[in-house]
Amino acid sequence: MPTPDRRDSAYELGRAALKAKRYDETVSRFETWTQLFGDDPRVGSAMYNVGVAHLKLGRAWDSVDWLTRMCPLLRPRLVGFSVSHPDQLAFVERADRKST
């Protein structure tokens, strides 16, 4: 079983790769991280980062795939959820209203 330190350091290495614009590395690190630590509350964020990295690499459909997989994880955490782009929150709110 991986230790919490390994979990946190692996996540931070993925974030560092994204910040440094090493998008192939970002994809690899966060895809592995989501497989190993799928029970972590940051899994939605990790999947989002994979989607962003794919988009930056010009892989729009791979990006859509990861961002779509991420959406169900957000529903339980909608209260207090913040995003950097207003259209993202609007999309999640509309999707939530349609299902109720």
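**Trp 33 and Phe 37**

I looked up Trp 33 and Phe 37 first. Trp 33 is buried, and Phe 37 is buried too. The model is predicted, so I kept an eye on confidence as I went.

Which residues form the aromatic cluster? I found Tyr 11, Phe 30, Trp 33 and Phe 37 in it.

**Charges over rings**

I checked Tyr 11 again. The charged end of Arg 42 sits over the Tyr 11 ring, 4.6 Å from the centre. I found another case at Trp 66. There Arg 69 lies over the face of the ring, 4.0 Å from the ring centre.

**The overall fold**

I then stepped back to the chain. I listed 5 helices and 0 strands. Read from the N terminus, the order is α-α-α-α-α. The chain has 100 residues, and 26% of them are buried. I also looked at contacts between residues at least 6 apart in sequence. Of these, 41% join residues at least 24 apart.

**Helix H2**

H2 covers residues 23-36. At 1.5 Å a residue, its 14 residues should span 20 Å, and the end C-alpha atoms are 20 Å apart, so the two agree. Which residues of H2 are buried? I wrote down Tyr 23, Thr 26, Val 27, Phe 30, Trp 33 and Thr 34. Around the axis they cover an arc of only 140 degrees, which means they lie on the same side of H2.

**Gly 14 in H1**

I moved to H1, residues 4-19, where Gly 14 lies. Is Gly 14 buried or exposed? Its relative accessible area is 0%, so Gly 14 is buried. Not counting residues up to four places away in sequence, Gly 14 touches Thr 26, Arg 29 and Phe 30. I also took the distance to Ser 28, 14 residues along the chain from Gly 14. Their C-alpha atoms are separated by 8.3 Å.

**Asn 49 and H3**

Asn 49 lies in H3, residues 43-56. I noted a relative accessibility of 8%; because buried means under 20%, Asn 49 counts as buried. What does Asn 49 contact beyond four places in sequence? I found Tyr 11, Leu 18, Thr 26 and Phe 30. Other buried residues of H3 include Val 43, Ala 46, Met 47, Val 50 and His 54. Just after H3, I noted that Gly 58 takes a positive phi of about 85 degrees.

**Confidence**

I ended with pLDDT. The chain averages 78, and 70% of the residues score at least 70. Among the elements, H2 has the highest mean, 95, while H5 (residues 86-99) has the lowest, 44. Over residues 77-83 the pLDDT stays under 50, and the model has 6 contacts beyond four places in sequence for them. Over residues 85-100 the pLDDT is also below 50, and I counted 10 contacts there beyond near neighbours in sequence. Where pLDDT is low, the predicted coordinates should not be read in detail.

Technical notes. Residues are numbered from 1 along each chain as its sequence is written. This is a predicted model: local features need pLDDT of at least 70, side-chain atom pairs count only at pLDDT 80 or more; totals for chains, interfaces and linings use all residues. Side-chain values use heavy atoms; hydrogens and water are left out. Helices (H or I, at least four residues) and strands (E, at least two) are DSSP runs, numbered from the N terminus. Buried means under 20% relative accessible area, exposed over 50%, partly exposed in between (1.4 Å probe, protein chains only). Contact means heavy atoms within 4.5 Å. Rings of Phe, Tyr and Trp (its six-membered ring) pair if their centres lie within 6.5 Å; planes under 30 degrees apart count as stacked, over 60 as edge-to-face and the rest as tilted. A charge sits over a ring if NZ of Lys or CZ of Arg is within 6 Å of the ring centre and within 35 degrees of the ring normal. pLDDT is the predictor's confidence in each residue, from 0 to 100. The expected span of a helix is 1.5 Å times one less than its number of residues. The arc is that of the directions from the helix axis to the C-beta atoms.
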